[in-house]
Amino acid sequence: MNNKNKIRRVPAKKIAHKIINECDVILMVVDGRNPEGTRNMQLEERIKKEDKKMILVLNKADLVPKHVIEKWSSKFKQENPNTKTVFVSSTNKKGTKILRDDIKYYLQINKINEGKVGVVGYPNVGKSSLINALTGKTSALSGLTAGLTKGEQWIKLTKKIKLLDTPGVIEPKDEDELVMIGAIRYEKIENPVDPAIKILKLLGSFDMDIVRKYCGDTIEINDVEEINEKLIEKIGKKFNFLGKNGIIDMKRTAKYIIKDYQGGKLNYYEVKKKSREQIRSTNIGFITKHLKDFLFIDDANAVVSHLSDISELSDVKVRKPIIGSKKIDDATVIISFGEKTANAGRKKVEEKAKTDGITLYSQGGGRCGKNRIFIGVGE
Ligand SMILES: Nc1nc2c(ncn2[C@@H]2O[C@H](COP(=O)(O)OP(=O)(O)OP(=O)(O)O)[C@@H](O)[C@H]2O)c(=O)[nH]1
């Protein structure tokens, strides 16, 4: 490549800082399943210092139970009434209207005529998906394709607001951060004790009951201050992780804690363990129980995507395809589960809607593990 054609690329990590300098509103995207673990306080401080508006966007809200979302909302409000938090599902395009309205409102009250918006966040939190959901385009580049000087593109959000399509990646600064965001697997961690303590502290500051439940009745623990190496030792004793000479194997214990955190057993909410149950019944109750607190019940594709993430449903085997319906809030959800083809599922749902006198306004299909699922939502 000759010099004339060379594109001067800005390293990915510098883009986040450039975005903060250039934009009026910064969307700090975090993973809604683990908002504290995917926040970067240093960058938040910097945004505050620069007197820029930050909106904390908790993405992947479709994967988080409603009661946990509510708890986060009140925690953030309590901690800092000035920090705006918005829950979004970029893949389901939910919450994006609220986010746009917040951006507009801020620019309006600050009399900023031509507003610039930028997106920053750790890898894999869904920055590009959010840009696509906000702009309705598929132009967002991966954060790693750095190049703010030449490659940058501003996309119109409204007539007067533009958004930078290159998100700023916050590079994890050390091994502990990589562990917290799940970028290093527990097996590969060299020094697991510190991150294990950080994980327990993070969860404990959200709700000490999570830590208490994990430690069990034999370990007494009252507050976050007591989460230290001593506690890891007690947990190791409980698991009977003894090394040579009967000394507690701290590394093994810490790795185990990290394994449970990364696997969802130890987290803000429990990810259900796999079961290989064979479903004999023709009742869809085992599916609809997962929809009780679901926020986007009127969107069939959102329902499918939510259900496909539930391991309990991915692991069941049905003896015969199931069809059934349930009224949830104002909607009636018709579910076909276990059909051989997507088309067969659709047909079953449409037939049931007709028989029951339901007018479908949203339909969508997908898979829960090996089971085909088709959803119709109507009234
Ligand atoms: N369920 C769910 N998955 C999402 C959502 N947003 C993004 N994802 C998934 O999360 C993964 C990462 O999304 P990206 O948009 O590539 O994340 P990113 O932050 O741009 O990632 P980098 O390019 O690595 O910095 C992809 O598999 C997305 O499909 C969401 O709202 N819900």
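## Report on a predicted protein chain

Asp329 is exposed (12 or fewer other C-beta atoms within 10 Å of its own, with C-beta atoms placed from the backbone), because 10 other C-beta atoms lie within 10 Å. Asp329 sits in the loop between β10 (322-328) and β11 (331-339). Its phi is near 50°, a positive value in a residue other than glycine.

This is a predicted model: local features need pLDDT of at least 70, side-chain atom pairs count only at pLDDT 80 or more, and totals for chains, interfaces and linings use all residues. Residues are numbered from 1 along each chain as its sequence is written.

### The chain overall

The protein chain has 14 helices and 13 strands. Helices (H or I, at least four residues) and strands (E, at least two) are DSSP runs, numbered from the N terminus. Of its 379 residues, 35% count as buried. Buried means 20 or more other C-beta atoms within 10 Å, and partly exposed covers the counts between buried and exposed. Two residues are in contact if their C-beta atoms, placed from the backbone, lie within 7 Å. Take contacts between residues at least 6 apart in sequence: 65% of them join residues at least 24 apart.

### The largest core

A nonpolar core is a set of buried Ala, Val, Leu, Ile, Met, Phe, Trp, Tyr and Cys residues joined through C-beta atoms within 7 Å. The largest one holds 39 residues, and Ile26, Leu27, Met28, Val57 and Leu130 touch the most other members. Strand β1 (residues 25-31) gives the largest share of this core, six residues. In soluble globular proteins, nonpolar side chains tend to be buried together. Beyond its neighbours within four places in sequence, Leu27 contacts Ile55, Val57, Val117, Val119 and Leu130.

### Helix pairs

Axes are lines fitted to C-alpha atoms, for helices over the stretch in contact, and angles run from 0 to 180 degrees between N-to-C directions. Angles under 35 degrees count as roughly parallel, over 145 as roughly antiparallel, 65 to 115 as roughly perpendicular and the rest as oblique.

Helix α7 (residues 193-206) and helix α8 (residues 208-215) have axes that come within 5 Å and cross at roughly 125°. So α7 is oblique to α8. Leu200, Leu203, Gly204 and Phe206 of α7 make the contact with Met208, Ile210 and Val211 of α8. By class, that contact has six nonpolar, one polar and no charged residues. Here Ala, Val, Leu, Ile, Met, Phe, Trp, Tyr, Cys and Pro count as nonpolar, Asp, Glu, Lys and Arg as charged, and the others, Gly among them, as polar.

The axes of α9 and α10 come within 9 Å and cross at roughly 90°. The two helices are therefore roughly perpendicular to each other. From α9, Ile232, Glu233, Ile235, Gly236 and Phe239 meet Met250, Thr253, Ala254, Tyr256 and Ile257 in α10. The residues of this contact divide into seven nonpolar, two polar and one charged.

### Helix α10

Helix α10 (residues 250-262) has 13 residues, which should span 18 Å at 1.5 Å a residue; its end C-alpha atoms are 18 Å apart, so the two agree. The expected span is 1.5 Å times one less than the number of residues. Its buried residues are Thr253, Ala254, Lys255, Tyr256, Ile257, Ile258 and Tyr261. Their cover includes α6 (175-180), α7 and α9 (229-239). Just after α10, Gly264 takes a positive phi of about 95°.

Ile287 lies in helix α11 (residues 285-288). Leu291 lies in the loop between α11 and α12 (300-308). The table gives a C-alpha to C-alpha distance for each.

| Pair | Apart in sequence | Apart in space |
|---|---|---|
| Ile287 and Leu307 | 20 residues | 7.8 Å |
| Leu291 and His306 | 15 residues | 8.6 Å |

Ile287 counts as buried because 25 C-beta neighbours lie inside 10 Å. Outside four places in sequence, Ile287 contacts Leu307, Leu313, Ile335 and Phe337. Leu291 counts as partly exposed, with 19 C-beta neighbours inside 10 Å. Outside four places in sequence, Leu291 contacts Ile297, Val303, Ile328 and Val333.

Asn124 is placed in the loop between β4 (115-121) and α5 (127-135). Its phi is near 75°, a positive value in a residue other than glycine. Most residues other than glycine have a negative phi. Asn124 counts as partly exposed, with 14 C-beta neighbours inside 10 Å.
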